Amino acid sequence: MSDLRHLYQELILDHSRNPHGYGLSTESPLRSHQVNPTCGDEITLAVVHDGTTVTAVQWEGQGCAISQSSASLLSTLLENRPLADVEPLVAEFREAIQSRGTIELDEDRFGDAIALNGVSKYVARVKCAILAWVALEDALTK
Amino acid sequence: MLPNSALTDFSRDEVAAIREQFPILGESVNEHPLVYLDSAATSQRPQRVLDAERDYVLRRNSAVHRGAHTLAALATEEFEDARATVARFVGVRPDELIWTSNATEGLNLVAHAMADASLDPAADPRVRLQPGDEIVVTELEHHANLLPWQYLARRTGATLRYLPVDDEGVIQGIDEVIGERTRLVAFSHASNVLGSYSPAELIIARAREVGAITVLDACQSVPHGPVDFAALGVDFAVFSGHKMLGPTGIGALYGRFELLSALPPFLTGGSMITTVTMDRAEFLPPPQRFEAGTQRVSQAIALAEAVRFLEELGMDRVAAHDARLGARLADGLAAIPGVRVLGPSAGATRIGLAAFVLEGVHAHDVGHVLDERGIAIRVGHHCAQPLHRRLGLAASARASTYIYSTDDEVDAFLAGIAEAAEFFGVNP
């Protein structure tokens with residue numbers, strides 16, 4: 001059971017059950033739909049910003065606890081964050097999550113999202129964790 | 001060809017002896033002995049199948065159906081012997097069995113050749129479609145037996161219709177949907193999600209009544225029990241080598257000879273012609289007409305060895321083993337609070353396969369808990385999105401057994417599911 005707890009921390013289970021930012025009420029054109037073809041998980045994510053600050057990250061989708069909690073944690077992390085921070089945060093997240101457990105997310109920069117640190121040891125779950133972040137990256141190019 | 005449950009399953013000792021021949025079953029995964037319950041996706045290969053392939057490659061390898069030297073003649077003979085062995089296994093003539101890369105390619109071959117024939121006014125009318133014609137599939141198909149028919153409909157203007165399924169996945173509407181306009185009916189023999197057999201006899205009888213061609217996806221039936229395509233009376237059928245102890249990269253298409261003869265080739269090139277000029281070509285009769293280019297010789301030889309292995313075990317007994325473990329899986333899952341088993345209810349015939357949902361927990365998370373214990377199952381939509389949608393799901397988890405699977409493995413799997421239910425706090 002301890003191995004499972006390493007991946008499925010209480011914070012992850014909480015976010016997957018009571019996700020933050022769930023529901024697409026915004027009309028923002030900055031949106032992206034992403035699918036993980038291996039398991040069928042999908043997400044539609046929209047970003048709202050005022051030119052300097054991210055005001056909201058909204059999303060809808062369905063998937064495993066890792067993909068859902070990752071979207072929820074991402075939404076929490078970016079609200080009221082400077083727009084200029086987004087790109088480096090996504091890059092750091094991607095590097096850590098793909099590092100097979102060798103790089104940890106910095107708590108000062110990622111806050112609660114460091115609960116996703118456990119994912120990087122599980123090659124099969126990296127795609128789950130990264131889905132929302134890929135959607136975010138894509139949405140900002142729109 | 002439903003399995004006869006009166007026939008005897010393998011004894012515990014016999015299964016142990018079978019397992020000895022599969023080195024991978026002795027491996028550990030995540031520090032646990034591997035429990036492989038994903039044979040419906042791909043089966044494991046016994047040592048002797050690899051040995052047969054290696055022996056051919058190391059001692060007799062050469063180009064088949066070309067060249068006149070001794071080794072080439074021996075290789076050709078062995079390649080054609082493999083065809084005869086596999087053809088006999090499914091009750092058909094060797095010249096009615098075409099090697100393909102996999103079942104998907106076999107289905108695409110029929111769809112593309114018919115699309116091509118439909119554009120040629122001189123082609124045989126039996127294999128030509130036009131607007132107003134109907135193609136019928138079922139709602140439970142694997143995407144491999146759906147997309148080629150979507151393509152054929154798009155190319156010819158024919159209409160694609162389907163036989164719906166009920167909440168248990170039982171195919172409905174055979175007499176209503178298959179009608180005078182129906183020209184082709186494509187369906188799975190056994191479902192890769194539900195584990196149930198389709199009413200093949202009823203569908204084929206109805207299709208014959210209206211003069212429609214039948215195409216059978218036999219990927220989940222040929223590995224798991226005795227199947228005789230000629231006795232079934234189906235026009236085309238496909239299956240895959242890697243799901244029946246054989247290698248990847250080899251599968252087969254059966255076609256009734258007169259229909260194969262009516263079809264133009266799918267791929268063109270070397271080894272499938274009689275005369276070629278700079279303007280045109282004349283094609284060999286089946287099966288060579290459909291085997292352009294260098295063939296998968298060592299894979300065909302390996303698949304024939306896999307067939308001999310299965311024949312020695314006896315397909316009736318393979319089916320009995322599968323049916324018993326399938327029931328153990330389904331009954332055991334149904335007894336866990338919060339688990340919904342897909343497909344036929346308890347007591348109904350199923351192959352050694354059970355897909356299920358743990359209420360409130362995504363299949364991927366269920367699969368992860370098992371993977372941590374070295375238990376390999378499939379999670380996702382299993383290439384059957386429309387069926388999952390019909391059942392109100394996006395994904396499910398699926399455990400599937402084969403000749404080497406044991407009661408203990410099924411029980412370890414069930415214990416893992418109970419543990420996952422507890423861990424994720426499933427409250428039924």
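This is a predicted model: local features need pLDDT of at least 70, side-chain atom pairs count only at pLDDT 80 or more; totals for chains, interfaces and linings use all residues.
B:Phe423 is buried at 7% relative accessibility, where buried means under 20% relative accessible area, exposed over 50% and partly exposed in between, with a 1.4 Å probe and protein chains only. Residues are numbered from 1 along each chain as its sequence is written, chains are lettered from A and ligands numbered from 1 in the order in which they are written, and side-chain values use heavy atoms, with hydrogens and water left out.

**Aromatic pairs**

- Over all chains the count comes to 14 aromatic pairs, a pair being rings of Phe, Tyr and Trp (its six-membered ring) whose centres lie within 6.5 Å, with planes under 30 degrees apart counted as stacked, over 60 as edge-to-face and the rest as tilted.
- The rings of B:Tyr402 and B:Tyr404 form an edge-to-face pair, because their centres are 5.8 Å apart and their planes stand at 80°.
- B:Tyr402 is buried with a relative accessible area of 0%, and B:Tyr404 is likewise buried at 0%.
- The rings of B:Phe423 and B:Phe424 have centres 5.0 Å apart and planes at 85°, so this pair too is edge-to-face.
- B:Tyr402 and B:Tyr404 also belong to a cluster linked by ring pairs, together with B:Phe22 and B:Phe309.

**Salt bridges**

- The structure holds 37 salt bridges over all chains, each defined as a side-chain nitrogen of Lys or Arg within 4 Å of a carboxyl oxygen of Asp or Glu.
- B:Glu80 and B:Arg83 meet through their side chains in a salt bridge of 2.7 Å, N to O, and both residues lie in helix α3 (residues 70–89) of chain B, three residues apart, about one turn of the helix.
- Helices here are DSSP runs (H or I, at least four residues), as are strands (E, at least two), and they are numbered from the N terminus.
- B:Glu282 and B:Arg280 form a salt bridge at 3.6 Å, N to O, with B:Glu282 partly exposed at 42% relative accessibility and B:Arg280 exposed, with a relative accessible area of 52%.
- Salt bridges that share partners join B:Asp9, B:Arg324, B:Arg328, B:Asp407 and B:Asp411 into one network.
- In chain A, A:Lys142 bridges to A:Asp138, with the closest N and O atoms 3.3 Å apart; A:Lys142 is exposed at 53%, while A:Asp138 is partly exposed at 26%.

**Backbone features**

- A cis peptide bond, with omega about 0°, joins B:Pro286 and B:Pro287, and B:Pro287 is found in the loop between β12 (281–283) and α10 (297–313) of chain B.
- B:Asn30, a residue other than glycine, has a positive phi near 50° and sits in the loop between β1 (28–29) and β2 (32–33) of chain B, where B:Asn30 is partly exposed at 38% relative accessibility.
- B:Leu245, although not a glycine, has a positive phi of about 75°; B:Leu245 lies in the loop between β9 (236–240) and β10 (251–255) of chain B and is buried at 0% relative accessibility.
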